[in-house]
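Have the sequence and the 3D view ready.

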Amino acid sequence: MRISRPLRLFGLAAVGLLPGPLKRPLYRALFGYRIGRGVRIGLVLLDADEVDLGDSTTIGHFNLVTRVGRLVTGRGARLGFLNVIRGGERVELGPYAEVMRFNVLNAIPDHDCTTAPVSRLEIGAGSVVVSGHRIDFTDRVTLGRNVIVGGRNSSLWTHNRQQTAPIVIGDFCYLGSEVRLAPGARLAERSILGLGSVLSGAIETPGSLVGGVPAKVIRPLTPEDDVLIHRKARADAPDELFSG
């Protein structure tokens with residue numbers, strides 16, 4: 001029997017207040033969530049049609065997850081505290097990916113877009129979204145492996161009224177503080193997007209320092225730059241995640 005949404009939300013809120021050893025079996029039994037071994041879940045509202053939490057996933061206190069189609073996390077993924085994840089067909093945090101705190105990850109649930117967007121957020125293995133950022137994934141947003149969305153107050157936008165286009169960030173990229181990415185933005189792998197930049201198109205040259213308004217390639221990365229972007233965003237991430 002299908003329960004009403006208000007009743008389901010009430011049940012999820014009640015379970016979310018319970019201690020971890022009690023909430024995990026209730027999530028499984030009452031809502032069909034798949035929860036791996038060693039998962040820790042704080043005081044949260046975890047409202048998704050389907051949930052699949054990989055082993056050793058950590059979800060901290062006061063996160064709001066609502067109206068999500070499918071929430072998937074890889075082994076060791078972390079959702080810090082006071083984040084909002086709203087809407088979308090699928091939200092995936094890869095192995096050892098992390099969304100730290102005060103971030104808003106939002107897809108318009110009942111949009112009127114004319115471009116048939118695919119509302120999916122994919123955060124690659126070992127990638128980190130730090131603090132106070134806004135990611136609109138009304139259309140697809142893909143962050144590659146070991147990407148850092150650093151600093152504060154950056155925003156990634158995939159829609160402009162009724163038009164949308166996906167955003168793609170390649171592997172081993174660093175996004176500086178207070179950057180803006182417009183629909184259709186692309187950043188090639190092994191690149192740095194400088195503080196305060198506005199990226200509105202595609203940067204197709206790997207290994208670039210990119211900056212400005214609008215953003216453009218400034219110069220190739222130096223060997224010292226390359227060492228920094230290949231340094232693991234999470235020290236506990238296994239080396240094999242970044243091989244190949």
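In helix 1, the buried residues are R8, G11, L12, V15 and G16. They sit on the same side of helix 1 because they cover an arc of only 135° around the axis, where the arc is that of the directions from the helix axis to the C-beta atoms. P6 and F10, on the other side of helix 1, are exposed. Here, buried means under 20% relative accessible area, exposed means over 50%, and partly exposed lies in between (1.4 Å probe, protein chains only). Helices (H or I, at least four residues) and strands (E, at least two) are DSSP runs, numbered from the N terminus.

A word about the model itself: it is predicted, so local features need pLDDT of at least 70 and side-chain atom pairs count only at pLDDT 80 or more, while totals for chains, interfaces and linings use all residues. Residues are numbered from 1 along each chain as its sequence is written, and side-chain values use heavy atoms, with hydrogens and water left out.

On a 1 Å grid over the protein atoms alone, a cavity is a set of points where a 1.4 Å probe fits but cannot get out; a pocket is an open set with protein on both sides within 12 Å along at least five of seven lines, and lining residues have an atom within 4 Å of a point. Grid points are joined across faces, edges and corners, and a volume is the space filled by probe spheres set on the points.

| Space | Volume | Lining residues |
|---|---|---|
| Largest pocket | about 260 Å³ | R2, I3, R5, L7, R8, G11, L30, F31 and D49 |
| Largest cavity | about 60 Å³ | T57, T58, I59, L71, T73, A77, R78, L79, I85 and L93 |

Which helix gives the largest share of the lining of the largest pocket? Helix 1 does, with four residues. Helix 1 (5-16) and helix 2 (20-31) each supply at least two residues of that lining. For the largest cavity, strand 4 (58-59), strand 5 (64-73) and strand 6 (78-81) each supply at least two lining residues.

Finally, the strands. Two strands pair if DSSP finds at least two bridges between them. Strand 9 (residues 98-101) pairs with strand 12 (residues 128-131) in the parallel sense over three bridges, and R101 stands opposite S131 in strand 12. Strand 12 also runs parallel to strand 15 (residues 148-149), joined by two bridges, with V129 opposite V149 in strand 15.
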